Amino acid sequence: MTNNYTYDVIIIGGSYSGLSAAMSLGRALRQVLVIDSGLTCNRQTPHSHNFITQDGEKPAVISAKAKLQVELYKTIHFYNGLAVKAIKNENGFEVSTESGKHFNSRKMLFATGVKDLLPEIKGFADCWGISVLHCPYCHGYEVKNEKTAIIANGEIGFDFAKLISNWTKDLRLCTNGKSTLTLEQTEILKNHGVQIFDDEIASFEHKEGYIQNIIFKNQEKVTVKAIYTRPPFEQHCPLPIDLGCESNEQGLLKVDTMQKTNVPGVYASGDCTTPMRSVAIAVSTGSFAGAVINKEIIDEDF
């Protein structure tokens with residue numbers, strides 16, 4: 001590879017959404033470069049669910065199979081590395097990588113996902129994506145009717161408890177500190193059999209990522225098989241913001257119904273744009289973004 005390539009589209013992020021966009025563009029005969037550093041957010045998750053034809057498959061197997069299929073399109077190229085800078089110029093965009101490579105394109109798509117900011121609870125990171133879960137639609141069926149905890153507080157905790165009660169009635173809400181639930185919310189939860197624990201959490205006892213007990217700082221121990229929580233997150237890649245792309249109050253990139261950001265020529269898809277984090281939605285938005293980008297190029301050239 002030389003230092004200067006010109007592509008129709010550069011896609012930053014080569015997981016489910018980025019690969020889906022690449023396939024759409026490859027089938028439209030576009031010259032595409034996918035730049036990927038290999039750090040998917042679900043790399044520790046043992047199984048992916050709620051994605052038809054792939055239900056229960058390992059996430060790494062899905063992405064590996066997807067890449068093999070995408071690589072069959074000769075106009076799609078891959079660069080393994082980290083994109084560290086992106087600028088807009090008179091011809092489109094220039095992307096620089098950590099190793100000093102520079103690539104140029106007419107359009108850009110960010111399918112870069114988000115980075116979860118995990119709490120400093122001993123054992124949390126080991127269990128994340130295995131038995132500490134973020135989405136009941138992705139994983140709730142596998143732990144239905146089990147002893148389950150939710151780590152959340154206030155309005156979020158109340159709504160999360162209502163949601164998870166669909167999958168199990170053996171439920172406890174851990175506020176990890178003084179409860180900010182209203183008296184009415186507390187009463188409603190207790191009437192539905194939800195136990196409330198308001199002491200701070202010290203650690204998780206687990207076996208190879210499968211939670212066994214929550215240990216509180218007051219030494220109380222609660223046995224559970226699954227935990228749901230939604231830790232804060234940040235954009236995995238700072239480049240969209242550096243380019244001037246706007247984000248919403250949740251920290252997600254703002255896109256319109258065509259997956260367009262506010263910066264002309266820059267698109268985004270997948271987890272970096274939506275709180276509905278699933279493989280199926282990432283694939284859907286990526287595939288759609290690829291088709292929209294191709295149509296925009298056609299309209300500009302015709």
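Is Ile215 buried or exposed? At 11% relative accessibility, Ile215 counts as buried. Welcome to this structure, which is a predicted model.

**Helix 1 and its surroundings**

- Helix 1 covers residues 16–27, and its partner here, helix 8, covers residues 279–301.
- The two helices pack at an angle of about 35°, and their axes are 7 Å apart.
- The crossing of helix 1 over helix 8 is right-handed.
- On the helix 1 side, the contact is made by Tyr16, Ser17, Ser20, Ala21, Ser24 and Leu25.
- On the helix 8 side, the residues in this contact include Val279, Ala282, Gly286, Gly290 and Asn294.
- Sorted by class, the contact between helix 1 and helix 8 has eight nonpolar residues, eight polar residues and no charged ones.
- How far apart are the end C-alpha atoms of helix 1? They are 17 Å apart, which agrees with the 16 Å that the twelve residues should span at 1.5 Å a residue.
- Helix 1 is mostly covered, with ten of its twelve residues buried.
- Among the buried residues of helix 1 are Tyr16, Gly18, Leu19, Ala22 and Gly26.
- The cover over these buried residues includes helix 8, helix 2 (59–70) and several strands: strand 1 (6–12), strand 2 (32–36), strand 3 (76–80) and strand 6 (102–110).

**Cysteines**

- How many disulfides are there? The count comes to zero, taking a disulfide as a pair of cysteine sulfur atoms within 2.5 Å.
- Cys174 has its closest cysteine sulfur in Cys127, but the distance is 14 Å, so the two are too far apart for a bond.
- Cys174 also counts as buried, because its relative accessibility is 0%.
- For Cys272, the closest cysteine sulfur is in Cys237, and at 8.8 Å this is again too far for a bond.
- Cys272 is buried as well, with a relative accessible area of 0%.
- Cys237 sits in the loop between strand 16 (233–235) and helix 7, and at 7% relative accessibility Cys237 counts as buried.
- Setting aside neighbours within four places in sequence, Cys237 is in contact with Phe110 and Thr112.
- Cys237 and Ile12 are 225 residues apart along the chain, while their C-alpha atoms are separated by 8.9 Å.

**Positive phi angles**

- Most residues other than glycine have a negative phi. The residues below have positive values.
- Glu208 has a positive phi near 55° and is not a glycine.
- Glu208 is found in the loop between strand 12 (201–207) and strand 13, where it is exposed, with a relative accessible area of 71%.
- Gln259 is not a glycine either, and its positive phi is about 65°.
- Where does Gln259 lie? It is in the loop between helix 7 (239–242) and strand 17 (266–268).
- Gln259 is buried, because its relative accessible area of 9% is under the 20% limit.

**Ile215 in strand 13**

- Ile215, the residue in the opening question, has its place in strand 13 (residues 210–216).
- Leaving aside neighbours within four places in sequence, Ile215 is in contact with Ile201, Ala202, Ser203, Glu205, Glu220 and Lys221.
- Ile215 and Lys122 are 93 residues apart in sequence, and their C-alpha atoms are 9.8 Å apart in space.

**Arg106 in strand 6**

- Arg106 is found in strand 6, which is part of the cover over the buried residues of helix 1.
- Arg106 and Ala22 are 84 residues apart in sequence, and the distance between their C-alpha atoms is 15 Å.

Technical notes. Residues are numbered from 1 along each chain as its sequence is written. This is a predicted model: local features need pLDDT of at least 70, side-chain atom pairs count only at pLDDT 80 or more; totals for chains, interfaces and linings use all residues. Side-chain values use heavy atoms; hydrogens and water are left out. Axes are lines fitted to C-alpha atoms, for helices over the stretch in contact, and angles run from 0 to 180 degrees between N-to-C directions. Helices (H or I, at least four residues) and strands (E, at least two) are DSSP runs, numbered from the N terminus. A crossing is left-handed if the near helix is turned anticlockwise from the far one by less than a right angle, and right-handed if clockwise. Contact means heavy atoms within 4.5 Å. Ala, Val, Leu, Ile, Met, Phe, Trp, Tyr, Cys and Pro count as nonpolar, Asp, Glu, Lys and Arg as charged, and the others, Gly among them, as polar. Buried means under 20% relative accessible area, exposed over 50%, partly exposed in between (1.4 Å probe, protein chains only). The expected span of a helix is 1.5 Å times one less than its number of residues.
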